[in-house]
Amino acid sequence: MNDLAEQALHGLDLARKKIVEHPVTSLAVAGFVAAGTAMVAGGRIGAGSATTPLTHWLGLLPDDGTRNDALAGGIMFGAICCLLLLWIVAVAVVRSGTHNTRQAWSLVAAWGVPFAVGPPLLSTDIYNYAAQGLLQRAGKDPYSTGPSSLGYHAIVNAIDPTWRGAPSTSGPLGTLVQHLAVASTGGDAVATVIVLRLLAIACVICIGLLAADLAGPYRVPAIVLTALNPALLLYLLSGAHLDGALALLVLAALVTSAQRRWTLSVVLICAAAAVKPVALAVVPAVLLAHCLGHRAHIAWRIIARDLAIAAVTLAALTLIVRDGLGWRRNLSVVTREHTPFAPASIVSDIVRPIVPSASFDDLAVGGRIAVVVAAVALVAYLLATVRERSLDRTVGFALLAVALLGPVLYPWYLLGGLVCLAPTATGARRDWVVALSCAACVLAPAGFGTDAARTVTLVALIVIAIALLPVLYAHQQRRRLALR
């Protein structure tokens, strides 16, 4: 072996030792590169199909509007997969207990900066929020009209055409946030988008802090499973979905309930429901958890008081905007799309060969009814057995049930439940949180045509399932040995 080869091998050996000795630094650098690559490639595709950028965003967005680009889509998807693998390594590394919260937050900063600085990816909802705020500024009701009523406003062209005419489905508090974001910028659309992004950054940071508080001594793994989660970085930080505010308020309710500050917990969970009405499903869980362990007459008194607090809070939050219950009329807007990997769609696909004469619409309705009934039954079971598990697990499972068993499935719907389960997740539950987070990241690949996107997602989901099964089997074997 010549001297050059020996020097190369020596250099590789030194690099390997450095990586082993300083895994956080190596993960921070590698994650920053992967996140930056995903952001740059995603910028060439844009946030939605058939849209025109509101701004070129530091030159990252295309001048001539968004379009499918399989090469950019493949690079972005590969970078996201690399980020997921790095995250799985980070989850394993911090389990050793030798790392502190400062190191965890340094990872969050390194991975999050590209998404915080870059353009919104994978969804145009942030532009929709800004448009609904502009509607309110113009004196229009966002629950009765869609962004298209703004006319030839640049922000309308930045929204996915499917949603340009759709009225709002946000709760009254979410609608107020949109209005305040526009008011703070004097009606400037680009500045409003930046304000919404800043709000998203604050939400992700607070989610990590609250998760650490909920986890007790396991603060570092909780931060890595939440604030460092690539699904949160993609959809809550980059996409700036209001689900970030929902997750923040639900986590805050769980933390305050653990501190026995039940009145504040009830108010916070009602505030979460006022941001996204889906949280109404878990308001009873907080009320029931408060009265557990008390004698019957005291429990009835507690539940009556909490019901009164919840009713007053929800009523007050409904009145903070005009037509605060208008979201109820628009629930069908959310469910009208066909999302191929939603359980409702899978059920209709299974039934199709059995009832070949049924139309597509009939099969879709049948599948949606079946899964919604299952969701209602599962949430009812969780509420009826709330004393058998911790409150964070009840709330997390209920939010996941509603997200997975709803008429449609969008990736960011999963994050509310995952954020609740992640802080205290161990063993098989931790692996399920990781697997579902990975699945959320591959559900909506950008840049591909419809058929290609479905194929890419299907292959990715199969790989995730194949990787998860032996891990779950190993957990099962360890439990059996422990019982023996």
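Student: What makes helix H5 largely enclosed by the rest of the structure?

Tutor: In this predicted model, 12 of the 13 residues of H5 are buried, so the helix is largely enclosed by the rest of the structure. Buried residues of H5 include Asp-125, Tyr-127, Gln-132 and Leu-135, and the buried residues pack against helix H6 (154-157), helix H7 (172-184) and helix H8 (189-215).

Student: How do you know that Gln-132 counts as buried?

Tutor: The cut-off for buried is under 20% relative accessible area, and Gln-132 has 6% relative accessibility, so it counts as buried.

Student: How does the span of H5 compare with the span expected at 1.5 Å a residue?

Tutor: H5 covers residues 125-137 and reaches 18 Å from its first C-alpha to its last, which is close to the 18 Å expected. After H5 comes Gly-139, with a positive phi near 85 degrees.

Student: Why is the pair of Tyr-410 and Trp-412 called stacked?

Tutor: The structure holds four aromatic pairs, and in this one the ring centres of Tyr-410 and Trp-412 are 5.4 Å apart with the planes at 10 degrees. Centres within 6.5 Å make a pair, and planes under 30 degrees apart count as stacked, so the pair is stacked.

Student: Which residues form one aromatic cluster with Tyr-235, and what makes Tyr-235 buried?

Tutor: The cluster is formed by Tyr-235, Tyr-410, Trp-412 and Tyr-413. Tyr-235 lies in helix H10 (residues 230-238) and has 0% relative accessibility, so it counts as buried. Not counting residues up to four places away in sequence, Tyr-235 touches several residues, among them Leu-122, Pro-411, Trp-412 and Cys-441.

Student: What makes H4 roughly parallel to H9?

Tutor: The axes of helix H4 (residues 101-117) and helix H9 (residues 219-226) come within 9 Å and cross at roughly 10 degrees. Because angles under 35 degrees count as roughly parallel, H4 is roughly parallel to H9. The contact is made by Thr-101, Ala-104, Trp-105 and Val-108 of H4 and by Arg-219, Val-220, Ile-223 and Val-224 of H9; by class, these are six nonpolar, one polar and one charged residues.

Student: Where is Arg-260 found, and why is it called exposed?

Tutor: Arg-260 is found in the loop between helix H11 (243-258) and helix H12 (262-275). The cut-off for exposed is over 50%, and Arg-260 has a relative accessible area of 54%, so it is exposed. Its phi is near 65 degrees, a positive value in a residue other than glycine.

Methods: Residues are numbered from 1 along each chain as its sequence is written. This is a predicted model: local features need pLDDT of at least 70, side-chain atom pairs count only at pLDDT 80 or more; totals for chains, interfaces and linings use all residues. Side-chain values use heavy atoms; hydrogens and water are left out. Rings of Phe, Tyr and Trp (its six-membered ring) pair if their centres lie within 6.5 Å; planes under 30 degrees apart count as stacked, over 60 as edge-to-face and the rest as tilted. Helices (H or I, at least four residues) and strands (E, at least two) are DSSP runs, numbered from the N terminus. The expected span of a helix is 1.5 Å times one less than its number of residues. Buried means under 20% relative accessible area, exposed over 50%, partly exposed in between (1.4 Å probe, protein chains only). Contact means heavy atoms within 4.5 Å. Axes are lines fitted to C-alpha atoms, for helices over the stretch in contact, and angles run from 0 to 180 degrees between N-to-C directions. Angles under 35 degrees count as roughly parallel, over 145 as roughly antiparallel, 65 to 115 as roughly perpendicular and the rest as oblique. Ala, Val, Leu, Ile, Met, Phe, Trp, Tyr, Cys and Pro count as nonpolar, Asp, Glu, Lys and Arg as charged, and the others, Gly among them, as polar.
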